[in-house]
Amino acid sequence: MRHTISILVDNEPGVLARIAGLFSARGFNIESLCVGETLDPTTSRITLVTSGDDWIIEQIIKRFNNMINVIKVQDLSELTHVEREMVLVRMEATPETRPEILRTADIFRAKVIDVGPRSYMLELTGDRDKITAFLEILRPMGIKEIARTGSVALAREIQNNKRR
Amino acid sequence: MARMLGAEMFFETLIHEGVDVIFGLPGGYVLKVYDVMPKYGEAIKHVLSRHEQGATHMADGYARASGRPGVVLCTSGPAATNTVTGIATAQMDSSPVVVFTGQVPTPYLGSDAFQEADHIGITRPCTKHNSLVRRTRELPRAIKEAFHIATTGRPGPVLVDMPKDVLIGEDELEIPNEISLRGYKPTIRGNIAQIKRAVEIIMTAKRPVVFGGGGLIWSGATPELIELVHRLRIPVALTLMGLGAYPANDPYFMSMLGMHGSYKANMAVHESDVIISIGARFDDRATGGNFPKFAPNAKIVHIDIDPSTIDKNIRVHCPIVGDAKHVLRQMLEFIPKDLNIDRREWFGKIDEWGRQHPLLPKENSDKIMTSHLIDMLSNITNGDAIIVSDVGQHQMWVAQFYKFNRPRTHITSGGLGTMGFGFPAAMGAKFARPDEMVICVAGDGSFQMNMQELATAVENKMDLKIVLINNEHHGMVRQWQTMFFNKNYSASHFDVMPDFVKLAEAFGAKGLRAKRPEELEATLKEGLYSDGVVLMEIVVDYEEMVYPMIAPGGAMNEMILEDIEREMIVESVDMA
Ligand SMILES: Cc1ncc(C[n+]2csc(CCOP(=O)(O)OP(=O)(O)O)c2C)c(N)n1
């Protein structure tokens, strides 16, 4: 199963390597990893997405909890939560494809953030499925390059229909 | 407040922490520390090892014998990388070792400067924690944090990397009184509801067993354990790391369990209905490694200070996170003192297993058998010495035949199985407890991995005994080749062997040798009761094998016993 884990850590050098090292030591893959400062500049929040059976995830979470620089760990997959990714897409833009690209951007509520003689750059935020669908639709029109972030996620305030 | 050098702060903080000895070896980036060292010579003794691995094992042996943290000081790059095996050894056995490494000046960090290595990166997977100090002012706090982390919760090694400019820089000394880390709050007391549940499970058990590990020793839980066992009449088996936590001369003691545990102990664990595991992590050596087949009818109560060990290998019915001593005390409150539990049936069974396949030393009129030698050593010393063993067959015979009656008298590398650990660790143990008799039992292979420390031992006029088992082989390797690799004795024999007696003499120690069974006792007695560093080389039968044995991945009741034909070859095992 896919798990989204939120880890609050000390904002110090080496902490990220420690987290990532736990995965490499066990030969596990990290699907995505996002890090950023929190409101308190001495802490960072890491959002990590990985797959594995429940037992393995439990082991990993226990290990995270053991790390001196880890303040709090949450497996968001057990909670109702919001998850977002962002993608920047540079589209090949010819006079013929321009209207279609803009229409698609509009449908997905993506923003045009750069316009050049041969290209458009679009920005989109959404959950993983939305981003993937967006890219699938754009692909035949000629994607030049993309930069995609991993997920960032937070639990919702109201925890109804708890999964699990 | 007084201004002082970083190097002086280093010593001031160490003294504040109660450190009285450090094991080390100088070099470029820590020279300032060595420069100011003479000023602090009264408070802190520096032991000059001949190799940083040696220094790290010494600090580890010091920690294991005393319960206090062992301290290492060395320079950067090659020195720091030399400590890695020692650090990993300490990590696997939860020993509080604090390693201080010199580092290139901060402006050079990451530039591939002379003798630069990424100590933090290299030791990250094998330390409990590590840190790089960036400013002189921060040094005392970093040191205090290191000691705090190394010695609390589940103990473990911590490395502090000290760039040269931090050590030669000047600032005001400010040693924090207390350390509080928001991400680190070990649980000491057990959850009361869980404790009540555990007591309920134990009180209704018919065939209970205590499965005790090294955590008992680190928490000092022996008196509480004895109390619990005597009130409830529960037989006790210990892991390799747990030996000494329960007195071997007590009738409830069943000896070591696991890969080379006794038939009796392993069968009792296998047939038990309740296992009370305390400070043991159910690793593959202690359980045989066949986790699904482990103690199939037992409910498991698992007491451990480290929550990440719970449910790691074995499914636990009643976990209690906390310090063993505290948790046992809490449990005792719910167990009446005057219980009169009838366990005749259970003990009858256990005695029967003991009679079927007793664990007995071997004797031979022609050759010295190592098991017999260890048994003799146990008798001569009355089970009262601190025995530091190295790694191999001899280590297992020590565990089987030396009768350890007190905690911290059995010291060995269990988790990592580090050859070369024994001798320097024995030196560390002797520094920690100078009034005790400390004996290193080493294999010829293991001893050759750190024998340069003979110089350190002689230099420090140590009263230290080495029983060196010469079987001309990597004995344990040979045993595996015999059992699992069709007797293909590849690279297990030593074609060239030093003359160990001359070697000892070359370093200024005393050397003795016994080759014949009739010489054994006299040689041991002469060696043990001579002053100074004494190496006793004992030439033994290289064909003796350690039994019983659970082949890797086996269940506790699937022991290979002596009387099963030696030809029995188990195919395709995972070579450890
Ligand atoms: C540093 C290291 N290298 C290799 C091994 C693998 N190994 C385990 S036991 C052993 C042989 C030990 O021989 P010796 O010290 O002579 O002891 P004996 O088994 O003969 O009693 C070896 C090579 C190890 N445990 N540690």
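Which residues does A:Ile61 touch, not counting residues up to four places away in sequence? They are A:Ile5, A:Val73 and A:Asp75, where contact means heavy atoms within 4.5 Å.

## About the model

This is a predicted model, in which local features need pLDDT of at least 70, side-chain atom pairs count only at pLDDT 80 or more, and totals for chains, interfaces and linings use all residues. Residues are numbered from 1 along each chain as its sequence is written, chains are lettered from A in the order in which they are written, and side-chain values use heavy atoms, with hydrogens and water left out.

## Around A:Ile61

A:Ile61 sits in helix H2 of chain A, residues 54-66 (helices are DSSP runs of H or I, at least four residues, numbered from the N terminus). Its relative accessible area is 16%, so A:Ile61 is buried (under 20%, with a 1.4 Å probe and protein chains only). Between the C-alpha atoms of A:Ile61 and A:Val9 there are 13 Å, and the two residues are 52 apart along the chain.

## Where the chains meet

Now to the interface. Chain A brings 19 residues to the contact and chain B brings 16. About 1500 Å² is buried between them, 45% of it from carbon and sulfur atoms; buried area is the accessible area (1.4 Å probe) that two parts lose on being put together, summed over both.

Two salt bridges cross the interface of chain B and chain A (a side-chain nitrogen of Lys or Arg within 4 Å of a carboxyl oxygen of Asp or Glu). B:Arg182 and A:Asp10 form a salt bridge through their side chains, at 3.0 Å from N to O.

Conventions
Helix = DSSP H or I, 4+ residues; strand = E, 2+ residues; numbered from the N terminus. Buried < 20%, exposed > 50% of the residue type's maximum accessible area, 1.4 Å probe, protein only.
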